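Reader: I have a structure open here and would like to go through it with you, one topic at a time. Could you take my questions as they come?

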Amino acid sequence: MLATYQTKSYSPSLTLKAKAELELRRRRREQNAILEEKRKVWRENPRVYAKDRLGVDLTDEQLQVFYSVIKNRYTAVKSHHSFGKTFVCAIILCWWIDCFEQAIGYITAPTWGQALKLTFKQAKRLCLANK
C-alpha cells in the first residue's frame with residue numbers, strides 16, 4: 001500500500017515573506033564576508049582603516065601613537081594642546097571594536113567626565129557619521 005502525502009499550501013504573503021527573509025540572510029552573509037576581508041586589511045594597517053571606514057587622514061605623529069598602542073601594553077602621549085590626542089584615542093577605540101571580535105576597549109582620562117564627554121563622544125560621532 002502506498003502512502004499518500006498531502007502538501008500544505010501556504011498563503012502567498014507568507015511565501016513572499018519567507019523568500020524575502022532568505023534573500024536578506026543571503027545578503028547579510030555576503031556583506032559579512034566582504035567586511036571580514038576588509039577587517040583583515042584594517043587589522044594590519046590602521047591608516048587604511050581610518051581612511052576607508054572613518055574617512056579620516058591621520059598625520060604621521062598620530063599614526064605613531066596608533067602603532068605604539070598596537071605594539072605596547074601601555075602608551076602615554078605627552079604633547080601640546082590641539083595635537084589630536086583625544087581624536088586619535090577615539091579612532092583607536094573604533095578600530096579596536098571594529099576589527100576584533102568580542103573586543104573591549106579601555107580609555108583612561110584624568111576624570112570620568114573627560115573620558116565620557118570627550119573621547120567617547122568623539123568615537124560615537126566618528127562611528128555614526130561613517131556607518
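Reader: Leaving aside neighbours within four places in sequence, which residues is Q62 in contact with?

Author: Q62 is in contact with D57, F83, G84, F87 and V88 once its neighbours within four places in sequence are set aside, where contact means heavy atoms within 4.5 Å. This is a predicted model, in which local features need pLDDT of at least 70 and side-chain atom pairs count only at pLDDT 80 or more, while totals for chains, interfaces and linings use all residues. Residues are numbered from 1 along each chain as its sequence is written, and side-chain values use heavy atoms, with hydrogens and water left out.

Reader: Where does Q62 lie, and is Q62 buried or exposed?

Author: Q62 lies in helix α3, helices being DSSP runs of H or I with at least four residues, numbered from the N terminus. With a relative accessible area of 7%, Q62 is buried, on a scale where buried means under 20%, exposed over 50% and partly exposed in between, using a 1.4 Å probe and protein chains only.

Reader: What lies 3.1 Å from a polar atom of the Q62 side chain?

Author: That is the backbone nitrogen of T59.

Reader: Now D98, please: what does its side chain make a polar contact with?

Author: The side chain of D98, a residue of helix α4, makes a polar contact at 3.0 Å with the side chain of R53. A polar contact here is a pair of N or O atoms within 3.5 Å; within protein, one must be able to donate a hydrogen and the other to accept it, and residues adjacent in sequence count only if both atoms are side-chain atoms. D98 is buried, at a relative accessible area of 15%, and, apart from neighbours within four places in sequence, D98 is in contact with R39, Y49 and R53.

Reader: Changing topic, how many salt bridges are there?

Author: The count comes to 10 salt bridges, under the rule that a side-chain nitrogen of Lys or Arg must be within 4 Å of a carboxyl oxygen of Asp or Glu.

Reader: Which residues are linked in a network of salt bridges?

Author: The network links E23, R26, R27 and E30. E23 forms a salt bridge with R27, the closest N and O atoms being 3.0 Å apart, and E30 meets R26 in another at 2.3 Å, N to O. E23 and R27 are both in helix α1 (residues 12-44), four residues apart, about one turn of the helix, and E30 and R26 are likewise four residues apart in helix α1, about one helical turn.

Reader: What about R47, which residue does it meet in a salt bridge?

Author: R47 meets D60, at 3.0 Å from N to O. This pair links distant parts of the chain, with R47 in helix α2 (residues 46-54) and D60 in helix α3, 13 residues apart. R47 is partly exposed at 34%, whereas D60 counts as exposed at 52%.

Reader: On to the largest pocket: what is its volume, and how many residues line it?

Author: The volume is about 1000 Å³, and 30 residues line the pocket, of which T75, C89, Y106, I107 and T108 lie nearest its centre. On a 1 Å grid over the protein atoms alone, a cavity is a set of points where a 1.4 Å probe fits but cannot get out, and a pocket is an open set with protein on both sides within 12 Å along at least five of seven lines, lining residues having an atom within 4 Å of a point. Grid points are joined across faces, edges and corners, and the volume is the space filled by probe spheres set on the points.

Reader: Which helix gives the most to that lining?

Author: α4 gives the most, with eight residues, and α3 (60-71), α4 (85-99) and α5 (112-129) each supply at least two.
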